[in-house]
Amino acid sequence: MNESISLNKEELLLCERLRSLRMSGMADAFETQMLDPNADLVPFMERFSSIVNNEWQIRYNKKFNRLLKKAHLRYPDADLDESIYDPARKLDTTTVERLADCHWIDEGKNLLITGMTSSGKTYLSNALCISALRQMKTVLYIRANTLMLELEQARLKTTYLEQVKSLSRLDLLAIDDFGLMELDLDKCRDLFEVIDGRDGRKSTIIISQFPVSSWFDLLKEHTYADACLARITDKRHSYRLEMNGISMREVNK
């Protein structure tokens, strides 16, 4: 680029107008092209696409980062890297790859991730959450105990209905450490309200070190246990992923 080249009045005006329209990405890309003496060698459509794509990418990144911040992921940099193909992890990689395309979220289906402690359940769930975020879906990751506590506090503040409605609108809700929470009658009811508000419309990931067959006994109020588990574990509406491979803590030492 020739540093002696500068924008003329018309080009400066276009840049100013683009920025006034909050299209700084387009303004920057346009200015870069106008300062490039060889820009005319590039076809018009290619040049225009570059300008538009620069603006689009900036807006996409800003929205993604906003959604990522609101998701409260434990591993915000989680990724489905080559480690999922390690035979020692005993992962159904075909299922993982298909889950990463997020069609199941579009269909409002659930995902149950179970397996041994330290097998990478939380990390993998967060990687799937990021796949959803990249498609501009709304996501929240939360531990079961924290969810129960927040609902209890919302009831005391008379914001319970607003809290449940807010959870019902999320495209994807990931509840971790399911089974490690104390569930009295009120908490069983809270869990039911959350699950029921999302049933058949929005997707929920349940992450647990306990096998699905033992979940009924984790809920002390059996009426709500039946209702919750019927919605969560229905084979027509839920996928399952078992993780019983090597300890990732040992691998990462």
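**View 1. The largest nonpolar core of the predicted model and the residues that hold the most contacts within it.** This core has 31 residues, and the members that touch the most other members are Leu73, Leu111, Leu133, Leu172 and Ile205. Helix H6, which covers residues 121–133, gives the core its largest share, namely seven residues. Apart from this core lies another one, made of 30 residues, and among them are Met148, Phe192, Val194 and Ile195. As a general background to such views, nonpolar side chains in soluble globular proteins tend to be buried together.

**View 2. The surroundings of Leu172.** Which residues are in contact with Leu172, once its neighbours within four places in sequence are left aside? They are Trp104, Ile105, Cys129, Ala132, Thr138, Val139, Leu140 and Arg198, together with Ser203, Thr204 and Ile205. Both Leu172 and Ile205 in this group are also listed with the residues that touch the most other members of the largest nonpolar core.

**View 3. Helix H1 packed with helix H2.** Two packed helices are described by the angle between their axes and the distance between the axes. For H1 and H2 the angle is about 160° and the axes are 7 Å apart. Angles over 145 degrees count as roughly antiparallel, and H1 and H2 are therefore roughly antiparallel to each other. The crossing in which H1 passes H2 is left-handed. On the H1 side the contact is made by Glu11, Leu14, Cys15, Leu18 and Arg19, while H2 brings Ser24, Met26, Ala27, Asp28, Phe30, Glu31 and Met34. Sorted by class, the residues of this contact are seven nonpolar, one polar and four charged.

**View 4. The buried residues of helix H2.** Within H2, which spans residues 24–34, the buried residues are Gly25, Met26, Ala27, Ala29, Phe30 and Gln33. Against which helices do the buried residues of H2 pack? Their partners are helix H1, residues 9–20, and helix H3, residues 44–71. An α-helix has 3.6 residues a turn, so residues three or four places apart point the same way.

**View 5. The crossing of helix H8 and helix H9.** The axes of H8 (residues 160–169) and H9 (residues 185–198) come within 8 Å and cross at roughly 45°, and the two helices are therefore oblique to each other. Their crossing is right-handed. In H8, the residues Tyr160, Val164, Leu167 and Ser168 meet Arg189, Asp190, Glu193, Val194, Gly197 and Arg198 of H9. The residues of this contact divide into four nonpolar, two polar and four charged.

Definitions and conventions. Residues numbered from 1 in each chain as written. Predicted model: local features only at pLDDT ≥ 70, side-chain atom pairs only at ≥ 80, totals over all residues. Heavy atoms only, no water. Buried < 20%, exposed > 50% of the residue type's maximum accessible area, 1.4 Å probe, protein only. Helix = DSSP H or I, 4+ residues; strand = E, 2+ residues; numbered from the N terminus. Contact = heavy atoms within 4.5 Å. Core = buried A, V, L, I, M, F, W, Y, C linked by side-chain atoms within 4.5 Å. Axes fitted to C-alpha atoms, helices over the stretch in contact; angles between N-to-C directions. Parallel < 35°, antiparallel > 145°, perpendicular 65-115°, else oblique. Left-handed = near helix turned anticlockwise from the far one by under 90°. Nonpolar A, V, L, I, M, F, W, Y, C, P; charged D, E, K, R; others polar.
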